[in-house]
Amino acid sequence: MGGRPGAKAGRVLVVDDDEVIRRLIMVNLQMEGFEVTSAADGEECLGKVHEVRPDLVTLDVMMPRLDGIRTAARLRADPRTSHLKIVIISACAQSADLARAREAGVDAYLTKPFDPDQLIRVVRGLAIR
């Protein structure tokens, strides 16, 4: 697919309960050369993360079973996943949401509707480090 020739973009696990948003994020990242897998909620993410072994995880905040903030905290608490870069992509943009995300160890926070170019810049900046 697209992306810079010869650039290793990295592996991303996209987690969102809204299939349309999930596909939108996935397509934007795939066009930039990322290898992308998805999960529909935090529980599925925690099950898939060890098999997929992503460099970065994107999480929505509002999801059934296990929300994005609690999922991020669980990823940070597990020594096998504590190194992962985590980006929240959510419509929740209150200062309390941002504070909870920071406490959970999230690396970046984008609000919906998101700008695809900003998504790529943030993910590429974190995944390449």
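Analyst: Just after helix H2, Arg53 takes a positive phi of about 55 degrees; helices here are DSSP runs of H or I with at least four residues, strands are runs of E with at least two, and both are numbered from the N terminus. This is a predicted model, in which local features need pLDDT of at least 70 and side-chain atom pairs count only at pLDDT 80 or more, while totals for chains, interfaces and linings use all residues. Residues are numbered from 1 along each chain as its sequence is written, and side-chain values use heavy atoms, with hydrogens and water left out.

At the start of H2, a side-chain oxygen of Asp41 comes to within 3.1 Å of the backbone nitrogen of Glu43. Within H2, which covers residues 42-52, the buried residues are Gly42, Cys45, Leu46, Val49 and Val52, where buried means under 20% relative accessible area, exposed means over 50%, and partly exposed lies in between, with a 1.4 Å probe and protein chains only. These residues lie on the same side of H2 because they cover an arc of only 145 degrees around the axis, the arc being that of the directions from the helix axis to the C-beta atoms. An α-helix has 3.6 residues a turn, so residues three or four places apart point the same way. On the other side of H2, Gly47 and Glu51 are exposed.

The buried residues of H2 pack against strand S1 (11-15), strand S2 (35-39), strand S3 (56-59) and helix H3 (68-77), with contact meaning heavy atoms within 4.5 Å.

Definitions and conventions. Polar contact = N/O pair within 3.5 Å; in protein donor to acceptor, adjacent residues only side chain to side chain.
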